[in-house]
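Hello,

Here is the structure for you to look over. My notes follow below it.

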Amino acid sequence: MTIAEVSEKYALTADTLRYYERIGLIPPVPRTQSGFRNYDEESCRWIELMKCMRSAGVQIEALTEYVRLFRQGEETALARKALLVRQRDQLAARIADMQQSLDKLNDKIARYDGSY
(Lines give C-alpha, C1' and ligand atoms only; values in the text may rest on other atoms or scores of the structure.)
Protein backbone atom coordinates (compact mmCIF):
# COMPACT_ATOMS: atom_id res chain seq x y z
CA MET A 1 0.00 0.00 0.00
CA THR A 2 1.16 3.51 -0.67
CA ILE A 3 1.51 6.09 2.06
CA ALA A 4 -1.62 7.83 0.73
CA GLU A 5 -3.65 4.61 0.97
CA VAL A 6 -2.39 3.89 4.49
CA SER A 7 -3.03 7.49 5.50
CA GLU A 8 -6.64 7.22 4.37
CA LYS A 9 -7.18 3.75 5.85
CA TYR A 10 -5.94 4.69 9.33
CA ALA A 11 -6.95 8.38 9.35
CA LEU A 12 -3.36 9.47 9.95
CA THR A 13 -1.56 12.07 7.88
CA ALA A 14 1.35 11.06 5.69
CA ASP A 15 3.52 13.34 7.86
CA THR A 16 2.43 11.43 10.97
CA LEU A 17 3.26 8.09 9.34
CA ARG A 18 6.70 9.36 8.31
CA TYR A 19 7.24 10.74 11.83
CA TYR A 20 6.26 7.43 13.45
CA GLU A 21 8.81 5.64 11.28
CA ARG A 22 11.52 8.28 11.79
CA ILE A 23 11.33 8.14 15.60
CA GLY A 24 11.08 4.35 15.70
CA LEU A 25 7.44 4.11 16.69
CA ILE A 26 7.01 1.65 13.84
CA PRO A 27 9.80 -0.43 12.29
CA PRO A 28 11.21 0.74 8.95
CA VAL A 29 8.66 0.35 6.18
CA PRO A 30 9.70 -1.66 3.10
CA ARG A 31 10.49 0.42 0.03
CA THR A 32 9.93 -0.08 -3.67
CA GLN A 33 12.91 -0.07 -6.02
CA SER A 34 12.10 3.59 -6.63
CA GLY A 35 12.41 4.30 -2.90
CA PHE A 36 8.72 4.82 -2.17
CA ARG A 37 7.24 3.37 1.00
CA ASN A 38 5.33 0.15 0.34
CA TYR A 39 3.34 -0.69 3.46
CA ASP A 40 2.88 -4.43 3.85
CA GLU A 41 0.62 -6.33 6.27
CA GLU A 42 3.23 -6.26 9.03
CA SER A 43 3.68 -2.50 8.69
CA CYS A 44 -0.08 -2.05 8.87
CA ARG A 45 -0.30 -4.22 12.01
CA TRP A 46 2.30 -1.97 13.66
CA ILE A 47 0.34 1.13 12.67
CA GLU A 48 -2.88 -0.37 14.08
CA LEU A 49 -1.11 -1.21 17.35
CA MET A 50 0.47 2.22 17.70
CA LYS A 51 -2.74 4.04 16.83
CA CYS A 52 -4.59 2.00 19.45
CA MET A 53 -1.90 2.55 22.09
CA ARG A 54 -1.65 6.27 21.39
CA SER A 55 -5.42 6.70 21.64
CA ALA A 56 -5.21 4.88 24.99
CA GLY A 57 -2.72 7.50 26.15
CA VAL A 58 0.42 5.36 26.06
CA GLN A 59 3.39 7.69 25.72
CA ILE A 60 5.59 7.66 22.64
CA GLU A 61 8.69 6.93 24.71
CA ALA A 62 7.20 3.68 26.02
CA LEU A 63 6.14 2.64 22.55
CA THR A 64 9.49 3.38 20.93
CA GLU A 65 11.13 1.37 23.72
CA TYR A 66 8.77 -1.51 22.97
CA VAL A 67 9.66 -1.42 19.25
CA ARG A 68 13.37 -1.22 20.09
CA LEU A 69 13.09 -4.27 22.34
CA PHE A 70 11.01 -6.14 19.77
CA ARG A 71 13.64 -5.61 17.11
CA GLN A 72 16.27 -7.13 19.43
CA GLY A 73 14.51 -10.48 19.33
CA GLU A 74 12.99 -13.09 21.61
CA GLU A 75 15.49 -12.56 24.42
CA THR A 76 13.64 -9.31 25.22
CA ALA A 77 10.21 -10.95 25.54
CA LEU A 78 10.10 -10.58 29.35
CA ALA A 79 11.15 -6.93 29.15
CA ARG A 80 8.47 -6.25 26.55
CA LYS A 81 5.84 -7.97 28.69
CA ALA A 82 6.90 -5.94 31.74
CA LEU A 83 6.63 -2.72 29.71
CA LEU A 84 3.13 -3.67 28.53
CA VAL A 85 2.04 -4.59 32.06
CA ARG A 86 3.22 -1.19 33.36
CA GLN A 87 1.32 0.56 30.58
CA ARG A 88 -1.80 -1.48 31.28
CA ASP A 89 -1.63 -0.62 34.98
CA GLN A 90 -1.24 3.08 34.20
CA LEU A 91 -4.18 2.94 31.81
CA ALA A 92 -6.34 1.15 34.39
CA ALA A 93 -5.51 3.85 36.94
CA ARG A 94 -6.46 6.60 34.46
CA ILE A 95 -9.72 4.81 33.69
CA ALA A 96 -10.52 4.59 37.41
CA ASP A 97 -9.83 8.33 37.80
CA MET A 98 -12.03 9.13 34.83
CA GLN A 99 -14.81 6.92 36.19
CA GLN A 100 -14.70 8.85 39.48
CA SER A 101 -14.98 12.11 37.56
CA LEU A 102 -17.89 10.76 35.54
CA ASP A 103 -19.64 9.62 38.70
CA LYS A 104 -19.26 13.10 40.25
CA LEU A 105 -20.60 14.75 37.11
CA ASN A 106 -23.57 12.40 37.07
CA ASP A 107 -24.27 13.22 40.73
CA LYS A 108 -24.17 16.96 40.02
CA ILE A 109 -26.44 16.58 36.98
CA ALA A 110 -28.87 14.42 38.98
CA ARG A 111 -29.26 17.26 41.50
CA TYR A 112 -30.73 19.42 38.75
CA ASP A 113 -33.34 16.85 37.77
CA GLY A 114 -36.70 18.20 38.84
CA SER A 115 -35.19 21.41 40.24
CA TYR A 116 -36.31 23.60 37.37
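This is a predicted model: local features need pLDDT of at least 70, side-chain atom pairs count only at pLDDT 80 or more; totals for chains, interfaces and linings use all residues.

Lysine 108 sits in helix H5, which covers residues 77-112. Is lysine 108 buried or exposed? Its relative accessible area is 51%. The cut-off for exposed is over 50%, so lysine 108 counts as exposed.

Lysine 108 and leucine 91 are separated by 17 residues in sequence. In space, their C-alpha atoms are 26 Å apart.

Now the whole fold. The protein chain contains five helices and zero strands. In sequence order the pattern reads α-α-α-α-α. Why call the protein chain more spread out than a compact globule? Its radius of gyration is 20 Å, while the globule rule gives 13 Å for 116 residues. The value is well over the rule, so the chain is more spread out than a compact globule. The C-alpha trace spans about 70 × 35 × 20 Å along its principal axes.

Next, burial and contacts. Of the 116 residues in the protein chain, 24% are buried. Take the contacts between residues at least 6 apart in sequence: 44% of them join residues at least 24 apart.

Last, the surface and the charges. The protein chain exposes about 8,300 Å². Carbon and sulfur atoms supply 54% of that area. There are 18 positive and 17 negative side chains in the protein chain. The centres of the two sets lie 4 Å apart.

Best wishes

How values were computed: Residues are numbered from 1 along each chain as its sequence is written. Side-chain values use heavy atoms; hydrogens and water are left out. Helices (H or I, at least four residues) and strands (E, at least two) are DSSP runs, numbered from the N terminus. The radius of gyration is taken over C-alpha atoms; the globule rule is 2.2 Å times the number of residues to the power 0.38. Buried means under 20% relative accessible area, exposed over 50%, partly exposed in between (1.4 Å probe, protein chains only). Contact means heavy atoms within 4.5 Å. Accessible areas come from the Shrake-Rupley method with a 1.4 Å probe; for residues, only the protein chains shown count as cover. Lys and Arg count as positive and Asp and Glu as negative; His and the chain ends are not counted. The place of a charge is taken as NZ of Lys, CZ of Arg, CG of Asp or CD of Glu.
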